[in-house]
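I opened the model to work through its interface, one of its chains and a handful of residues. My notes follow in the order I looked things up.

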Amino acid sequence: MPFLAELGQHFLPEVILAIGVLVLILIGAFRGERGFSLVDEMAVGILGLAIVAILLSSKQVDVAVFDGAFIDDAFSRFVKVLALVGAMVSILMSVDWLQRNGLEKFEFPVLVILSTLGMMLLISADNLIALYLGLELMSLALYVMAAFARDDGRSSEAGLKYFVLGALSSGMMLYGSSLLYGFSGTVSFDGIAQAVTEHPPLGVIFGLVFVLAGLAFKMSAAPFHMWTPDVYEGAPTPVTAFFASAAKMAAVAITARIVITAFPAITTQWRQIIVFLAIASTLLGSFAAIGQTNIKRLMAYSSIGHMGFALIGLAAGTEAGVKGVAVYLAIYLVMTLGSFAAILAMRVDGRNVENISDLSGLSRTNGLMAFFLAMLMFSLAGIPPLAGFFAKYYVLLAAVDAGLYPLAVVGVLASAVAAFYYLRVVKVMYFDEPAPDFDRSPLAIRAVLAASTVALLGFWLYPAPIMDAAGAAAKSLF
Amino acid sequence: MAAVFFYLFATIMIASACVVIFARNPVHSVLFLILAFCNGAGLFLLAGAEFLAMLLIVVYVGAVAVLFLFVVMMLDVDFAELKQGFAKYVPVGAAVGVVVLAELAMVTVGWQPSEASKSLLETPIAANVSNTAALGQVLYTKYVIFFQTSALVLLTAMIGAIVLTLHHKPNVKRQNIEEQNARNAKNVVELKKVPFRTGV
């Protein structure tokens, strides 16, 4: 297929983002600081356009493009829509926050789009070079965004920490990639799958471990999670929302793709690693969050735990498992965006507050917000009939079907422990003495909060769209 | 002959790498780092990878090492303070180092390319083509999408550097080249007759 035809037919969302971001940079450069709101609105439009482009092409067959560099399949389309929704909602929620904190620079939406473009390349990467380039494009923009409030010491610290550790993890991943390439003579996932047979030499296992360590860092799975609480706490809150939502989608998706398509012959070997990551993450996510008083740190540990659950589904290594991961990602995205909308709404007298105690007695001062946040917390804890329960149900079911009983038991126990700190937030809101009332939050944030709660409540009534799309996505990987 | 040069380059490289770590003066460290890079380039040449050799000189010696030199000379880093906790962390660091070294040795010993790798090579190089030419043949054709993606990565880095470092201060006088060019003596120079012993 000619280059331009491939670009137009299978790479249209990426092309829209790439050209769109260049236009935004030009507008920003010519209009300066005054261009912020225009660039911001256009950025939302560009992301929306990319989503439309993906949805319109959703019936296409799976095809590898650019000499096998990228693949356009149902799995990549599913996760790309999730990442784009995460990016779009993050920008929508950020406008007011950035303006109030004197950060209304047009580079913010530009960086979000560049990072999202990296995520999309990462999600559809079909060889190691594409994987690395997508990962770097995504991460470089994320490092800068973590330090975006450059006059704030905590934000600069977050950026520096994330950058140094991220560079280290990229180095490990590259080393692993070089071992894999040296062994198989090719960087394409299909080629590696052909070269790696049942009993590979030690070097291949080393390569696999290094690559997975690098990817585990990006999705902040324990024991590669150390950066997460500090970076989540220090980075500006809209940036944290973006980190916790869109970035995770891409990291989990590429991990699933690489182990399923490049290493089908050594499932037992990579399953050990994924099982370890899953157990460590779920346990750490539930125990370490108990003592937290800052809600952003709480969400950081919560996201570590949730990544552990997504990995439980992947550890099954079956189609049902990958379907569970896809459903989990979709529901996790909604829960995270909703929770961060609530955190962004926490303002008292024009100041941002982020302690759990600031939520005291919210049911009496702002009953509707308290209800929404309580539903989100119930869903994060996995209490039926909210969507969070079904997310956990499908991954655990897949693990049990694959015979991974100990893993499923650990998952259920960790979930029970984690319920404690989610329910504590609800208790603080409903039974403690009221703290000062929050300022009225902007429309976008209230809308996201309400929409996410409705989506979580409505999932058990009408799960078909998500379940069907996730099923098709999982099927395309095998 | 090649063996002689191999051992020559390898010895100098390892020796200068040791000096990089042990030198007291950080500027000397950077200079020995450059020496190590140059010898590394020599090793690449011996292995037939002339493009990597050129890259090492141009990128690492030409840009990275010089940047290090600037950083070391311009930032006032107190190395004595940095080294303070050194003794405390030596046992842990050494233990990790030994473990990694043992693992690497295991990998190197037990590692060989797979049987299938010969047929899987994506861009085999013909015997009479140098690897610079071979790279040139595929970089803008087969791998053009990667080339474009790298451009986006560099764009991101550039935007990031500007966002994090550029301060627009309101009270700074900026150079206005247009205005400067439009000046002429008639408009801006004023001749005055100054009376003796009174001043302007």
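**Interface**

I started with the area buried between chain A and chain B, which comes to about 3,200 Å². Buried area here is the accessible area (1.4 Å probe) that two parts lose on being put together, summed over both. Carbon and sulfur atoms give 77% of that area.

I then looked for salt bridges across the interface of chain A and chain B, and the rule finds 0. The rule asks for a side-chain nitrogen of Lys or Arg within 4 Å of a carboxyl oxygen of Asp or Glu. For polar contacts the rule finds 3 residue pairs across this interface, both residues at pLDDT 80 or more. A polar contact is a pair of N or O atoms within 3.5 Å; within protein, one must be able to donate a hydrogen and the other to accept it, and residues adjacent in sequence count only if both atoms are side-chain atoms.

Which helix gives the most to the side of chain A that touches chain B? I found α6(A), with 7 residues. By class, I listed 31 nonpolar, 9 polar and 5 charged residues on that side of chain A. Ala, Val, Leu, Ile, Met, Phe, Trp, Tyr, Cys and Pro count as nonpolar, Asp, Glu, Lys and Arg as charged, and the others, Gly among them, as polar.

In residue terms, 45 residues of chain A are in contact with 33 residues of chain B. Contact means heavy atoms within 4.5 Å.

**Ground rules**

I noted that this is a predicted model, where local features need pLDDT of at least 70, side-chain atom pairs count only at pLDDT 80 or more, and totals for chains, interfaces and linings use all residues. Residues are numbered from 1 along each chain as its sequence is written, chains are lettered from A and ligands numbered from 1 in the order in which they are written, and side-chain values use heavy atoms, with hydrogens and water left out.

**Chain B**

I counted secondary structure next: chain B has 10 helices and 0 strands. Helices (H or I, at least four residues) and strands (E, at least two) are DSSP runs, numbered from the N terminus. The radius of gyration of chain B is 28 Å, well over the 16 Å that the globule rule gives for 200 residues, so chain B is more spread out than a compact globule. That radius is taken over C-alpha atoms, and the globule rule is 2.2 Å times the number of residues to the power 0.38. The C-alpha trace of chain B spans about 95 × 55 × 40 Å along its principal axes.

Of the 200 residues of chain B, 19% count as buried. Buried means under 20% relative accessible area, exposed over 50%, partly exposed in between (1.4 Å probe, protein chains only).

I picked B:L46, in helix α2 (residues 26-46) of chain B. B:L46 is partly exposed, at 37% relative accessible area. Leaving aside neighbours within four places in sequence, B:L46 is in contact with B:A2, B:F5, B:F6 and B:F9.

**Residues in chain A**

Buried or exposed: what is A:N294? I read 8% relative accessibility, so A:N294 counts as buried. A:N294 lies in the loop between α12 (267-287) and α13 (295-316) of chain A. A polar atom of its side chain lies 2.7 Å from the backbone nitrogen of A:K296. The side chain of A:N294 also makes a polar contact with the side chain of A:E354 (3.2 Å).

A:L180 sits in helix α7 of chain A. At 2% relative accessibility, A:L180 counts as buried. Not counting residues up to four places away in sequence, A:L180 touches A:L128, A:V204, A:G207, A:L208, A:V211 and A:F263.

**Backbone checks**

I found a cis peptide bond joining A:A222 and A:P223, with omega about 5 degrees. A:P223 is in the loop between α9 and α10 (227-234) of chain A. Another cis peptide bond joins A:P384 and A:P385, with omega about 5 degrees. A:P385 lies in the loop between α16 (367-381) and α17 (387-401) of chain A.

I also checked phi. A:F66 is not a glycine, yet has a positive phi of about 55 degrees. A:F66 lies in the loop between β1 (63-65) and β2 (70-72) of chain A, and at 6% relative accessibility counts as buried. A:D67 has a positive phi of about 55 degrees and is not a glycine. At 56% relative accessibility, A:D67 counts as exposed.
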